Amino acid sequence: MVCLIAAEASLFAVFVVAYLYDIGKSLGGPSPGQVLDVPVLGTICLLSSSVTVALAVRALGRGAVGRAGAWLLATVLLGVVFLAGTAAEWSRLITRAGLTIGTNLFGTTFYALVGLHASHVIVGLIMLALLAVFAWSRALRPAHAERVELVSWYWHFVDAVWVVVLTVVYVIGR
Amino acid sequence: MSALAPTIAAPDGATARTGGLARAHEWVVTVDHKRLGVMYVVAGLAFFLIAGLEAGVMRWQLAGAGNTVVSPQVFNRLFTVHGTTMVFLVGIPIVFGFANYLVPLMIGARDLAFPRLNAFGFWAFLFGGCLLYFSFLAGEGLYGAGSAPDVGWFAYAPLTGRAFSPGNSTDYWNLSILVMGFGTVATSINLITTTLTMRCRGMTLGRMPLYVWMMLVVAGMTVLALPPLSAAQIMLLLDRFLGAHFFDTPAGGSAVMWQHFFWFFGHPEVYILMVPGFAMVSEIIPVFSRKVIFGYPMIVAASLAIGFLAMTVWAHHMFAVGMGAPLNSAFAASTMLIAVPTGIKIFNWVATMYGGRIRLATPMLFACAFLLQFLCAGLTGIILSVVPFNWQLTDSYFVVAHFHFVLVGALIFTVFGAIYYWFPKATGRLLSERLGRWHFWLFAVGFNLTFLPMHWLGMLGMPRRIYTYPADRGWDLWNLVATLGVPLQAAAIVVFLVNVAIALRRGEPAGDDPWDAWTLEWATTSPPPPYNFATAPVVESRRPLWDLKHPDDPDGPHE
Amino acid sequence: MHPAQRLLTLAVVPTPSMFAPVSTPAFAIRELSILVFAIVVAIFVVVAALTVYAIVRYRRRPGDDGREPPQVYGSAQIELAWTVVPFLIVVVLFLTTARYIFAIEGRAPAPGALEVTIVGHQWWWEIRYPGLGIVTANELHVPVSDPARPTPTFLTLQSADVIHSFWIPQLAGKTDVIPGKTNRSWIDPRTPGVYVGQCAEFCGLQHAGMLLRAIVHPQEEFDRWVAAQRTVAADVAAAHAGRDVFISLACINCHAVRGTPANGVFGPDLTHLMSRGTLGAGVAPNSRENLRAWVRDPAALKPGALMPSMQLSGDQLDQLIGYLVTLR
């Protein structure tokens with residue numbers, strides 16, 4: 001999992017570098033300062049979901065499979081709220097601000113970076129949802145705690161990437 | 001039988017499947033690292049033949065000024081696919097195929113850590129390769145080389161944008177490599193995990209064979225360097241299909257950014273290809289010199305240094321781009337620096353041979369040629385790192401000569417040496433020494449005849465990637481000489497294939513340890529059983545078989 | 001015949017060897033290369049000799065008793081030595097390299113120096129002299145530079161489409177021309193003559209057909225060339241029919257001829273077409289017959305050329321060529 005995270009970090013780093021390099025280079029069209037609002041709710045949910053998934057791992061380690069399942073479900077729900085926020089933001093940007101991936105360099109780098117992150121969130125949510133289902137069906141057992149922890153590491157990574165994206169796009173870029 | 005120590009039952013003959021289809025099915029569904037390793041190498045060699053044919057056609061065209069063997073369009077497709085094939089469909093599968101086969105055996109493990117992920121990696125590679133070659137059948141049809149990519153193997157933007165590459169040829173390049181990239185990263189994760197967690201008892205990191213160390217470095221580089229290529233390719237896909245502007249210069253995008261991202265992958269990539277060659281000769285040279293490798297800790301340190309430094313030199317492919325004197329100087333410095341650990345290795349290998357009792361069997365012949373040719377390749381690399389000199393030589397035939405000396409003169413030679421060395425382990429049969437010598441000499445002479453003159457052509461002003469050249473440039477003679485090396489190399493490959501075919505049918509039985517070697521793969525049968533070792537080995541030094549053969553003088557106290 | 005054209009038809013084009021420099025950057029590179037070769041060849045000879053010696057001297061002899069030779073595991077001193085020495089060589093090489101990088105890249109134009117802007121296109125070179133009001137194609141004309149009192153020419157390098165690379169080895173190292181980026185280079189050729197080069201970065205179908213010529217003139221000859229290039233197109237009465245063909249067809253969409261309504265920018269400026277030595281960026285010598293073949297069907301001389309065949313009738317073609325050859 002460490003190696004996978006390293007590979008993914010390398011992948012994201014390139015998109016981050018592209019974003020940083022292209023700041024201010026758009027030839028026209030909407031600029032970040034004009035159209036971006038900091039996604040506070042989504043960020044709180046996503047970062048809280050790191051806490052809930054850690055709690056799930058701990059619960060499973062102690063043998064409380066049911067409780068672990070509940071925490072996993074909470075994680076998934078928090079992640080879904082985050083995604084919904086992203087979807088709403090994109091909808092607003094496309095329909096009202098007129099910003100698409102082809103509008104200008106900002107649009108290109110923004111949708112690529114945030115979209116790459118969102119796709120990783122989706123993959124993470126699928127894995128966590130499956131684990132929640134396994135917990136509910138009692139297929140998940142305390143012996144699986146280490147493997148579930150590895151999945152939680154992936155989720156923590158996704159959250160850490162979000163912190164970077166938040167800083168680069170919504171703080172530095174604006 | 002005690003329940004505490006169950007024996008492993010021998011295969012039950014009654015359940016063994018027979019028949020061609022059943023055997024093929026076994027290979028298709030296998031997750032055994034040895035079978036996957038063989039499949040990788042065989043597939044890689046098949047692509048090697050195809051890419052070699054592509055090269056042969058190009059050399060035929062370039063043998064004289066103004067030849068019209070193929071149209072400019074077809075020639076441009078040929079050099080693009082030749083380069084792409086050799087790097088991604090020959091080099092990568094062969095080096096990872098060998099690692100697949102050897103690493104578990106060398107560390108006394110039963111298989112890789114994730115056997116099914118391993119199989120996924122192989123099939124992702126094969127699919128990507130077939131996708132790339134399917135491009136020849138699309139578009140204009142086979143005679144026009146279909147819709148095969150024609151933008152060069154490093155596909156610079158904005159030539160690859162929709163505006164300058166309409167149609168789907170660039171997409172074939174993009175998607176096939178993207179898919180293969182996932183497989184390669186997966187295999188690297190597998191190798192790292194295996195090496196770090198599945199070594200047999202007694203095998204500390206400091207007792208691993210150098211081959212395993214170097215493949216660990218290679219896997220580490222792959223994990224960090226391949227994703228940037230995937231990232232750049234995703235960006236290119238977004239540009240081409242969703243109208244993004246990453247590399248769209250009229251919209252403010254940056255063509256130079258593609259180069260930075262590509263070479264950030266591309267330079268480690270060539271070390272990913274070359275270091276396995278070092279790994280192979282680090283096993284072959286000691287055995288055929290009858291001496292322990294000289295300076296094991298230093299070679300490990302040098303390998304780690306190379307792995308790290310390889311990530312810092314990428315823009316030496318971009319000295320003519322206009323990055324400015326400070327950046328040019330910085331990358332010149334890092335590139336010259338990486339020559340130090342690389343050169344050290346050559347000294348270690350020669351020092352190993354010094355004072356030995358060298359047996360010039362075929363694997364050792366290839367290793368010796370490697371030493372001289374890699375020396376040449378490394379030195380032309382130093383030449384290229386001298387930035388102003390680079391301004392004349394980059395993008396010319398000098399660079400073509402340099403990287404063919406690295407990838408053929410060094411890597412392919414070590415691969416052939418490795419095949420002769422480990423083929424007996426994998427098949428239980430020895431390859432013919434006589435045919436091996438013919439193979440070696442034909443290839444060595446042909447290779448040097450083709451690629452040595454290219455150094456000179458570059459210095460005479462001949463650029464790369466041209467489908468023809470004017471007759472009054474003074475390049476005709478050396479181009480003709482270079483082409484004359486092609487039939488020799490082709491003949492060498494034919495001899496090699498005949499050698500393999502004969503050996504498979506009636507080669508001399510090899511036994512467990514035909515070369516009197518010292519690492520764990522020689523401690524089991526040839527070929528090894530599916531479970532590799534009947535009992536898990538326990539080692540007490542870097543050369544467990546030396547300890548077994550010389551119980552009065554084990555390695556341990558000397559290390 | 002125009003003096004430059006005479007020079008071109010008589011000149012034997014030299015092989016564009018980096019070891020036959022005529023301009024300071026190229027001289028500097030050759031000088032540096034000699035030092036680098038000395039170091040590299042010395043290393044090769046020493047290491048290769050040791051290697052071959054080891055192979056030959058320590059071969060297993062027939063009658064060898066099969067015992068293992070003494071096992072030598074390493075030596076800290078030797079390893080230190082062969083780490084430190086290469087490192088020192090690298091330091092020397094780097095310092096020398098850096099000095100040359102800054103010397104060549106750091107050269108700034110003196111006020112009043114000749115400035116040329118070169119724009120790479122698929123697959124030809126646009127060459128403009130902004131200070132002199134001249135636009136031509138594929139041939140770079142510069143005055144010779146006296147080493148005692150140098151008169152270098154400074155180049156501004158741009159691209160109209162994809163990445164190309166401007167390379168005339170005898171004058172200087174190559175510099176890429178990149179869309180969206182402006183690069184700079186300079187030359188100061190000390191010997192009159194014709195020097196060849198070509199595009200050195202793969203740029204598509206006719207990358208091989210993007211040749212370059214630099215014609216270095218003695219100062220007075222250069223001044224005459226400039227004066228001739230600055231005039232508007234000749235107006236020869238007998239060629240009016242051809243000129244009308246030129247203007248009425250789509251030629252003017254891409255080509256410019258100063259002194260006529262034609263001011264297209266996608267193709268080469270044709271005002272002084274016949275003063276150039278080649279057609280199609282070097283694919284054929286510039287003669288009436290070749291010009292006729294080119295205009296009739298550019299792809300026949302240069303497959304994939306972006307200039308379309310205008311599908312002219314024989315008469316139209318003759319008239320048009322009759323006009324074009326007056327554009328000296």
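Two residues are taken to be in contact when heavy atoms of one lie within 4.5 Å of heavy atoms of the other. On that basis, in this predicted model, 82 residues of chain C are in contact with 96 residues of chain B. Two pairs of chains are in contact, and of these chains B and C share the most contacts. Chains A and C, by contrast, do not touch, and their nearest C-alpha atoms are 12 Å apart.

The size of an interface is often given as the accessible area lost when the parts come together. For chain C and chain B the buried area is about 7600 Å², with carbon and sulfur atoms giving 71% of it.

Two salt bridges are counted between chain C and chain B. One salt bridge links Glu68(C) to Arg290(B), where the closest N and O atoms are 2.7 Å apart. Across the interface of chain C and chain B, 26 residue pairs are found in polar contact, both residues being at pLDDT 80 or more. On the side of chain C that touches chain B, at least two residues each are supplied by the helices α2 (24-57) and α3 (76-105) and by the strands β7 (175-177) and β9 (193-198). Helix α2(C) gives the most to this side, with 17 residues. Sorted by class, the side of chain C that touches chain B holds 52 nonpolar, 18 polar and 12 charged residues.

The other pair in contact is that of chains A and B. Here, 21 residues of chain A are in contact with 24 residues of chain B. Between them, chain A and chain B bury about 1800 Å², and 81% of this lies on carbon and sulfur atoms. The salt-bridge count between chain A and chain B is zero, while three residue pairs, both residues at pLDDT 80 or more, are in polar contact across the interface. Helices α1 (2-22) and α5 (105-136) of chain A each supply at least two residues of the side that touches chain B. The largest share of that side, 12 residues, comes from α1(A). By class, the side of chain A that touches chain B comprises 14 nonpolar, six polar and one charged residues.

Terms used:
Residues numbered from 1 in each chain as written. Chains lettered and ligands numbered in written order. Predicted model: local features only at pLDDT ≥ 70, side-chain atom pairs only at ≥ 80, totals over all residues. Heavy atoms only, no water. Buried area = accessible area lost by both parts, 1.4 Å probe. Salt bridge = Lys/Arg side-chain N within 4 Å of Asp/Glu carboxyl O. Polar contact = N/O pair within 3.5 Å; in protein donor to acceptor, adjacent residues only side chain to side chain. Helix = DSSP H or I, 4+ residues; strand = E, 2+ residues; numbered from the N terminus. Nonpolar A, V, L, I, M, F, W, Y, C, P; charged D, E, K, R; others polar.
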